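Here are some notes to read alongside the coordinates.

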Amino acid sequence: MEIDTLSLKNKVKPSIGFSGDFDSKKSSKIETIIDWFQCTIFPGKNDFESLKKFYENDYVYQDRIIPVLFKYLFNIDSINIIRDSVKLNGYDVVYVYNNIKIMLNSTRDDMGVNILLSGQACRDYEDLGFGTWKDLFDKISKFDININRIDIAIDSFTDKYFTLTKVFDYIINGNLSTKFRSTFEMKKRNLSNGKLLGDTIQFGSKASEVEITFYDKMLERVNAGRIISEDIKFWFRCELRFRHDLAEEIFRLIINDEDYSSRVKGILYNYIDFKNPYSKDKNITRRSTVKWWSEFIDYNNKFKIASKSSETSITKKYNWLLSSVSKSEMLVYFAKLNNFKLDSLSTDLLFNMLTRGLENVEDKDIMMINNERIKNKLDPVTKGEMLDYLQSLKDYLF
């Protein structure tokens, strides 16, 4: 596919340094990741003939552009993407690879083509190993685009700086200087036992150009049934969600190799600044920033975006299966056995467990299996082949 390089517009000068790298073996560090990216491109307004020919007058053929974009942006072949039946944000043509979505409206070319990488989709992109975030942004920048949203998450794996309780205490005691007028606190509990499932403090709203959220990431992950590395004892997240002009600015800074980290730091200080509670100055804006907050933001001289996840979706499901489902399946299996001999009852039980699971497998699940197989240089499989294998396994065992 031939793409002409377009000149970049609206270059933005950086303002002010941010924080650093993360070594998963040293959980006292801070890590920064992109946790959401969404943009809209308008192929009909570009000079890319290989794309534009699918996007001119005949809407029936517009969705042909999506496999081309998957290949160009992510190096994902059309055989590995599927059309989702779920409409989203006004887009009625939605194609997915794992959690990565590319969408369009079949009757409105003014809506463009929307590229959506949610939090998990960002991890899926990193797992592809096809390029860095800058590589992806460079490719996208060559289109006529609107940057809808970029989230930058700053993860602290130590309570050295602060906890959610400390953040809350500074808020209620009037030791926060902020541009926001209010905050929204959310606690999620299990009503059967009162167990806390989620804890969040949010500044701003979906209508804000910037939204800042603090939450207990460890608590969220554990209660979602995720496997957490034994090295991680504490996991606190400060997440900045940029929209519209600010999202565009961060996007341009990244692709131009400019100091985006200083800009993020400046925005964070400008909107959220925890102040010295012992100061006698009644004007909170003149008080000094409390040490734990400035140390958190100024961690190292400059931060860089890390590739957080090295686990594939299959690996995550496998870990969850080993830790949770396998025990339940084992209990059911042995509870139903008449004896401990390998006979027709035992093989029927095993066969039925596996086939029940296969009956619930959808096209997207087969796609995920084949993505993992192809990555490991194995041939892709069909649902029919999987069912044949289970039948042969039963015949072999008995």
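**Notes on the predicted model**

1. Strand 3 and strand 4 make a hairpin with two residues between them, and Asn98 in the turn has a positive phi of about 50°. Helices (H or I, at least four residues) and strands (E, at least two) are DSSP runs, numbered from the N terminus. This is a predicted model, in which local features need pLDDT of at least 70 and side-chain atom pairs count only at pLDDT 80 or more, while totals for chains, interfaces and linings use all residues. Residues are numbered from 1 along each chain as its sequence is written, and side-chain values use heavy atoms, with hydrogens and water left out.

2. Five bridges link strand 3 to strand 4 (residues 100-104) in the antiparallel sense; two strands pair if DSSP finds at least two bridges between them. Val96 has Lys101 of strand 4 as its bridge partner. Strand 2 (residues 82-84) is also antiparallel to strand 3, joined by three bridges, and here Asp84 stands opposite Val94.

3. How many residues of strand 3 (residues 93-97) are buried? Five of its five are, where buried means under 20% relative accessible area (1.4 Å probe, protein chains only). In a regular strand the side chains alternate between the two faces of the sheet. Val93, Tyr95 and Tyr97 are on one side of strand 3, with Val94 and Val96 on the other, and both faces are covered.

4. Helix 3 (residues 119-128) is mostly covered too, with nine of its ten residues buried. Charged residues are among these, including Arg123, Asp124, Glu126 and Asp127. Gly129 follows helix 3 and has a positive phi, near 65°.

5. The axes of helix 2 (residues 65-74) and helix 4 (residues 133-140) come within 9 Å and cross at roughly 135°. Tyr72, Leu73 and Phe74 of helix 2 make the contact (heavy atoms within 4.5 Å) with Leu136, Lys139 and Ile140 of helix 4.

6. Please keep an eye on confidence. The protein averages a pLDDT (the predictor's confidence in each residue, from 0 to 100) of 76, and 72% of the residues score at least 70. Strand 5 (residues 113-117) is highest at 95, and helix 10 (residues 313-336) is lowest at a mean of 52. Over residues 1-28 pLDDT stays under 50. Where pLDDT is low, the predicted coordinates should not be read in detail.

Methods:
Buried < 20%, exposed > 50% of the residue type's maximum accessible area, 1.4 Å probe, protein only. Axes fitted to C-alpha atoms, helices over the stretch in contact; angles between N-to-C directions.
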